[in-house]
Amino acid sequence: MKITKPLLILLIATPLLGKDAFAQNPSDFWQEDIWTRVDRGFLYYGPVNQRPEHDQKTPLESLTTLESLQAEVTERLHRAVMSPTYETLADYLEANTFLLEKSERFATAWQQTLWTHPEYDHTVKNPGANFAQVLLKESKVQEKQKALDRIAQDWALVFVVQAGCDFCDAMAGIAAYLKQQTPIEMLTVFVGESLPDLWPQAKPDNGVVRKLLSLSGVNGPLYATPSVFMVHRTGQKAKLLATGALSAEALADRIVTLATNKDSE
(Lines give C-alpha, C1' and ligand atoms only; values in the text may rest on other atoms or scores of the structure.)
Protein backbone atom coordinates (compact mmCIF):
# COMPACT_ATOMS: atom_id res chain seq x y z
CA MET A 1 0.00 0.00 0.00
CA LYS A 2 1.29 3.37 -0.96
CA ILE A 3 1.46 5.75 1.99
CA THR A 4 0.59 9.29 1.06
CA LYS A 5 1.98 12.31 2.88
CA PRO A 6 -1.29 13.20 4.74
CA LEU A 7 -1.61 9.58 5.82
CA LEU A 8 1.97 9.54 7.05
CA ILE A 9 1.33 12.68 9.18
CA LEU A 10 -1.79 11.08 10.60
CA LEU A 11 0.05 7.89 11.56
CA ILE A 12 2.81 9.84 13.27
CA ALA A 13 0.38 12.11 15.17
CA THR A 14 -1.91 9.31 16.34
CA PRO A 15 0.24 8.14 19.31
CA LEU A 16 0.55 11.77 20.43
CA LEU A 17 -3.16 12.45 20.27
CA GLY A 18 -4.20 9.33 22.16
CA LYS A 19 -6.84 6.76 21.44
CA ASP A 20 -9.72 9.16 22.16
CA ALA A 21 -8.43 11.99 19.97
CA PHE A 22 -10.59 11.15 16.97
CA ALA A 23 -13.58 10.22 19.07
CA GLN A 24 -13.59 13.71 20.60
CA ASN A 25 -13.58 15.53 17.27
CA PRO A 26 -16.19 15.44 14.48
CA SER A 27 -15.42 13.85 11.13
CA ASP A 28 -14.91 17.22 9.51
CA PHE A 29 -12.25 18.28 12.08
CA TRP A 30 -9.59 18.80 9.43
CA GLN A 31 -11.83 20.59 6.97
CA GLU A 32 -13.62 23.09 9.22
CA ASP A 33 -12.58 26.72 9.66
CA ILE A 34 -10.19 26.82 12.63
CA TRP A 35 -11.23 30.40 13.49
CA THR A 36 -14.79 29.30 14.32
CA ARG A 37 -13.74 26.86 17.06
CA VAL A 38 -12.39 28.43 20.24
CA ASP A 39 -11.92 25.01 21.86
CA ARG A 40 -9.29 23.91 19.38
CA GLY A 41 -5.70 23.98 20.56
CA PHE A 42 -4.28 25.13 17.21
CA LEU A 43 -3.46 28.86 17.33
CA TYR A 44 -5.72 29.46 20.31
CA TYR A 45 -4.49 32.07 22.79
CA GLY A 46 -7.49 32.58 25.07
CA PRO A 47 -9.45 35.78 25.67
CA VAL A 48 -7.68 38.92 24.49
CA ASN A 49 -7.69 40.68 27.88
CA GLN A 50 -6.60 37.69 29.95
CA ARG A 51 -3.19 38.17 31.59
CA PRO A 52 -0.64 35.35 31.68
CA GLU A 53 -0.38 33.82 35.15
CA HIS A 54 3.13 35.18 35.69
CA ASP A 55 1.99 38.67 34.69
CA GLN A 56 -0.68 39.16 37.36
CA LYS A 57 -0.28 42.42 39.29
CA THR A 58 -0.54 42.49 43.08
CA PRO A 59 -3.23 44.73 44.61
CA LEU A 60 -1.32 47.66 46.09
CA GLU A 61 -3.55 47.91 49.18
CA SER A 62 -2.57 44.37 50.14
CA LEU A 63 1.13 45.23 50.48
CA THR A 64 2.11 45.70 54.11
CA THR A 65 5.87 46.45 53.95
CA LEU A 66 7.98 49.05 52.22
CA GLU A 67 10.13 46.32 50.70
CA SER A 68 7.16 44.59 49.10
CA LEU A 69 5.81 47.91 47.75
CA GLN A 70 9.19 48.86 46.28
CA ALA A 71 9.49 45.40 44.74
CA GLU A 72 6.06 45.72 43.13
CA VAL A 73 6.89 49.18 41.73
CA THR A 74 10.21 47.90 40.38
CA GLU A 75 8.59 44.84 38.82
CA ARG A 76 5.97 46.97 37.08
CA LEU A 77 8.64 49.37 35.88
CA HIS A 78 10.69 46.55 34.37
CA ARG A 79 7.58 45.17 32.71
CA ALA A 80 6.72 48.57 31.23
CA VAL A 81 10.25 49.16 29.97
CA MET A 82 10.50 45.75 28.32
CA SER A 83 6.97 45.90 26.91
CA PRO A 84 5.75 49.53 26.81
CA THR A 85 2.07 48.96 26.19
CA TYR A 86 -0.83 51.05 27.42
CA GLU A 87 -1.60 48.39 30.03
CA THR A 88 1.94 47.98 31.42
CA LEU A 89 2.53 51.73 31.56
CA ALA A 90 -0.78 52.31 33.34
CA ASP A 91 0.12 49.59 35.85
CA TYR A 92 3.45 51.24 36.59
CA LEU A 93 1.96 54.73 36.91
CA GLU A 94 -0.61 53.37 39.34
CA ALA A 95 2.08 51.82 41.57
CA ASN A 96 4.42 54.83 41.34
CA THR A 97 1.62 57.23 42.25
CA PHE A 98 0.67 55.02 45.18
CA LEU A 99 4.28 55.13 46.41
CA LEU A 100 4.54 58.91 45.97
CA GLU A 101 1.34 59.47 47.92
CA LYS A 102 2.70 57.39 50.79
CA SER A 103 5.96 59.36 50.65
CA GLU A 104 4.05 62.65 50.81
CA ARG A 105 2.05 61.49 53.84
CA PHE A 106 5.27 60.39 55.53
CA ALA A 107 6.97 63.74 54.84
CA THR A 108 4.02 65.66 56.29
CA ALA A 109 3.89 63.52 59.42
CA TRP A 110 7.68 63.70 59.82
CA GLN A 111 7.64 67.51 59.62
CA GLN A 112 4.84 67.88 62.13
CA THR A 113 6.52 65.46 64.53
CA LEU A 114 9.82 67.35 64.22
CA TRP A 115 8.08 70.56 65.30
CA THR A 116 7.26 68.97 68.64
CA HIS A 117 10.81 67.61 69.07
CA PRO A 118 13.15 70.57 68.44
CA GLU A 119 16.06 68.64 69.97
CA TYR A 120 16.20 66.66 66.71
CA ASP A 121 15.79 69.68 64.42
CA HIS A 122 19.09 70.87 62.94
CA THR A 123 17.50 74.09 61.70
CA VAL A 124 16.84 75.28 65.26
CA LYS A 125 20.51 76.18 65.65
CA ASN A 126 21.13 76.66 61.93
CA PRO A 127 18.01 78.31 60.48
CA GLY A 128 17.73 78.80 56.75
CA ALA A 129 16.16 82.26 56.84
CA ASN A 130 18.36 84.93 55.24
CA PHE A 131 18.27 87.31 58.23
CA ALA A 132 19.19 84.42 60.55
CA GLN A 133 22.12 83.45 58.31
CA VAL A 134 23.39 87.04 58.48
CA LEU A 135 23.22 86.93 62.29
CA LEU A 136 25.00 83.59 62.37
CA LYS A 137 27.77 84.87 60.13
CA GLU A 138 28.29 87.97 62.27
CA SER A 139 28.36 85.82 65.40
CA LYS A 140 30.93 83.46 63.86
CA VAL A 141 33.13 86.39 62.85
CA GLN A 142 33.09 87.72 66.41
CA GLU A 143 33.82 84.28 67.85
CA LYS A 144 36.70 83.79 65.42
CA GLN A 145 38.19 87.15 66.35
CA LYS A 146 38.04 86.32 70.06
CA ALA A 147 39.67 82.97 69.37
CA LEU A 148 42.49 84.62 67.39
CA ASP A 149 43.06 87.06 70.26
CA ARG A 150 43.50 84.13 72.66
CA ILE A 151 45.68 82.19 70.22
CA ALA A 152 47.98 85.18 69.76
CA GLN A 153 49.07 84.81 73.39
CA ASP A 154 50.68 81.42 72.72
CA TRP A 155 51.26 81.08 68.98
CA ALA A 156 53.03 82.97 66.16
CA LEU A 157 53.18 82.48 62.38
CA VAL A 158 56.24 81.84 60.25
CA PHE A 159 55.99 82.38 56.48
CA VAL A 160 58.59 80.56 54.36
CA VAL A 161 59.04 82.14 50.91
CA GLN A 162 61.54 82.29 48.06
CA ALA A 163 62.36 84.48 45.09
CA GLY A 164 60.70 83.67 41.77
CA CYS A 165 57.62 82.22 43.44
CA ASP A 166 54.46 83.93 42.15
CA PHE A 167 52.33 82.54 44.98
CA CYS A 168 54.85 83.92 47.49
CA ASP A 169 54.43 87.35 45.96
CA ALA A 170 50.64 87.03 46.17
CA MET A 171 50.76 85.90 49.81
CA ALA A 172 52.64 89.04 50.85
CA GLY A 173 49.39 91.01 50.78
CA ILE A 174 47.58 88.25 52.71
CA ALA A 175 50.23 88.31 55.42
CA ALA A 176 50.00 92.11 55.68
CA TYR A 177 46.21 91.92 55.98
CA LEU A 178 46.37 89.27 58.73
CA LYS A 179 48.89 91.39 60.61
CA GLN A 180 46.43 94.31 60.57
CA GLN A 181 43.38 92.25 61.56
CA THR A 182 44.89 89.98 64.21
CA PRO A 183 47.36 90.42 67.06
CA ILE A 184 49.30 87.31 66.03
CA GLU A 185 53.04 87.94 65.60
CA MET A 186 54.55 86.96 62.24
CA LEU A 187 58.03 86.17 60.99
CA THR A 188 59.11 85.65 57.37
CA VAL A 189 62.00 83.38 56.37
CA PHE A 190 63.28 83.19 52.81
CA VAL A 191 65.23 80.38 51.19
CA GLY A 192 67.70 81.29 48.44
CA GLU A 193 67.74 84.92 47.37
CA SER A 194 66.11 87.67 49.42
CA LEU A 195 62.83 89.41 48.52
CA PRO A 196 63.36 93.00 49.65
CA ASP A 197 60.40 94.50 47.80
CA LEU A 198 57.44 92.41 48.97
CA TRP A 199 58.97 90.91 52.12
CA PRO A 200 61.33 93.62 53.42
CA GLN A 201 61.48 92.14 56.94
CA ALA A 202 62.24 88.58 55.80
CA LYS A 203 65.17 86.76 57.42
CA PRO A 204 67.46 84.25 55.70
CA ASP A 205 67.02 80.59 56.53
CA ASN A 206 69.71 79.60 59.00
CA GLY A 207 68.30 76.17 59.81
CA VAL A 208 64.90 77.41 60.95
CA VAL A 209 63.03 75.65 58.17
CA ARG A 210 64.57 72.28 59.01
CA LYS A 211 63.65 72.69 62.67
CA LEU A 212 60.09 73.73 61.81
CA LEU A 213 59.66 70.64 59.64
CA SER A 214 61.01 68.41 62.39
CA LEU A 215 58.74 69.90 65.06
CA SER A 216 55.77 69.59 62.71
CA GLY A 217 56.42 65.88 62.14
CA VAL A 218 57.12 66.35 58.44
CA ASN A 219 59.56 63.80 57.07
CA GLY A 220 61.57 65.19 54.20
CA PRO A 221 62.41 68.62 52.81
CA LEU A 222 60.09 71.56 52.32
CA TYR A 223 57.55 70.55 49.69
CA ALA A 224 56.80 73.99 48.24
CA THR A 225 56.59 77.68 48.96
CA PRO A 226 54.92 79.59 50.34
CA SER A 227 54.56 77.51 53.48
CA VAL A 228 53.08 78.77 56.71
CA PHE A 229 53.87 77.33 60.14
CA MET A 230 52.32 77.93 63.54
CA VAL A 231 55.00 78.05 66.23
CA HIS A 232 54.35 77.90 69.97
CA ARG A 233 55.93 80.60 72.08
CA THR A 234 57.98 77.94 73.90
CA GLY A 235 59.68 77.07 70.63
CA GLN A 236 59.09 73.38 71.25
CA LYS A 237 55.95 72.91 69.17
CA ALA A 238 55.16 73.74 65.55
CA LYS A 239 52.42 72.85 63.08
CA LEU A 240 52.42 73.09 59.30
CA LEU A 241 49.45 75.36 58.70
CA ALA A 242 49.36 75.71 54.91
CA THR A 243 51.31 75.16 51.70
CA GLY A 244 50.53 77.23 48.64
CA ALA A 245 48.28 80.27 48.25
CA LEU A 246 45.33 80.64 50.64
CA SER A 247 42.96 83.47 51.44
CA ALA A 248 43.20 85.35 54.72
CA GLU A 249 39.88 83.88 55.84
CA ALA A 250 41.02 80.33 55.08
CA LEU A 251 44.26 80.88 56.99
CA ALA A 252 42.37 82.29 59.98
CA ASP A 253 40.05 79.30 59.99
CA ARG A 254 43.00 76.90 59.98
CA ILE A 255 44.70 78.80 62.79
CA VAL A 256 41.63 78.49 65.00
CA THR A 257 41.12 74.84 64.10
CA LEU A 258 44.71 73.73 64.77
CA ALA A 259 45.12 75.81 67.91
CA THR A 260 41.91 74.49 69.49
CA ASN A 261 42.08 70.88 68.27
CA LYS A 262 43.57 68.81 71.05
CA ASP A 263 43.89 65.80 68.73
CA SER A 264 46.54 67.67 66.76
CA GLU A 265 48.70 68.23 69.81
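This report walks through the fold, the cores, the charged pairs and the surface of a predicted model.

## Overall layout

The protein chain holds seven helices and five strands. Read from the N terminus, the elements run α-α-α-α-β-α-β-β-α-β-β-α. The chain has 265 residues, and 26% of them count as buried.

The protein chain exposes about 19,300 Å². Carbon and sulfur atoms supply 57% of that area.

## The nonpolar cores

The largest nonpolar core has 31 residues. Those with the most contacts inside it are Leu 157, Phe 159, Trp 199, Met 230, Leu 241, Leu 251 and Ile 255. H7 gives the most, with seven residues.

Leaving aside neighbours within four places in sequence, its contacts include Met 171, Ala 175, Met 186, Leu 187 and Trp 199. Val 189 is also one of its contacts. Val 189 belongs to a second, separate core of nine residues. That second core also includes Val 209, Phe 229 and Val 231.

Leu 60 is found in the loop between helix H1 (5-17) and H2. Is Leu 60 buried or exposed? Its relative accessible area is 3%, so Leu 60 is buried. Not counting residues up to four places away in sequence, Leu 60 touches Leu 69, Glu 72, Arg 76, Glu 94, Ala 95 and Phe 98.

Glu 72 lies in helix H2. Leu 60 and Glu 72 are twelve residues apart in sequence, and their C-alpha atoms are 8.2 Å apart in space. Glu 72 carries a relative accessible area of 5%, so Glu 72 is buried too. With residues up to four places away in sequence left out, Glu 72 touches Lys 57, Thr 58, Leu 60 and Leu 63.

## Salt bridges

Side chains of opposite charge can pair when their charged atoms come close. How many salt bridges does the count come to? The count is seven.

One joins Glu 75 to Arg 79, with the closest N and O atoms 2.9 Å apart. Why are these two separated by about one helical turn? Because they are four residues apart in helix H2. Glu 75 is partly exposed at 37% relative accessibility, whereas Arg 79 is buried, with a relative accessible area of 13%.

Another joins Asp 253 and Lys 144, at 2.5 Å from N to O. This pair links distant parts of the chain. Asp 253 sits in helix H7 and Lys 144 in helix H4, 109 residues apart. Asp 253 is partly exposed at 32% relative accessibility. Lys 144 is partly exposed at 21%.

Arg 233 and Asp 154 also meet in a salt bridge, at 2.9 Å from N to O. Arg 233 lies in the loop between S4 and S5, and Asp 154 in the loop between H4 and S1, so the pair ties together parts that are 79 residues apart in sequence. Arg 233 counts as exposed, at 62% relative accessibility. Asp 154 counts as partly exposed, at 29%. Some salt bridges share partners: they join Lys 57, Glu 72, Arg 76, Asp 91 and Glu 94 into one network.

## A patch on the surface

Some nonpolar residues lie on the surface. Leu 77, Val 81 and Met 82 form a nonpolar patch there. Together they have about 320 Å² of accessible area. Val 81 is found in helix H2 (residues 66-82). Its relative accessibility is 55%, so Val 81 counts as exposed.

## Cysteines

A disulfide is a covalent bond between the sulfur atoms of two cysteines. How many disulfides does a search of the whole structure find? It finds zero. Cys 165 counts as buried, at 10% relative accessibility. Cys 168 also counts as buried, at 0%.

Conventions
Residues numbered from 1 in each chain as written. Predicted model: local features only at pLDDT ≥ 70, side-chain atom pairs only at ≥ 80, totals over all residues. Heavy atoms only, no water. Patch = residues over 30% accessible without salt bridge, like charges linked within 9 Å, V, L, I, M, F, W, Y side chains within 5 Å. Areas by Shrake-Rupley, 256 points an atom, 1.4 Å probe, with all protein chains shown as cover. Salt bridge = Lys/Arg side-chain N within 4 Å of Asp/Glu carboxyl O. Buried < 20%, exposed > 50% of the residue type's maximum accessible area, 1.4 Å probe, protein only. Contact = heavy atoms within 4.5 Å. Core = buried A, V, L, I, M, F, W, Y, C linked by side-chain atoms within 4.5 Å. Disulfide = S-S within 2.5 Å.
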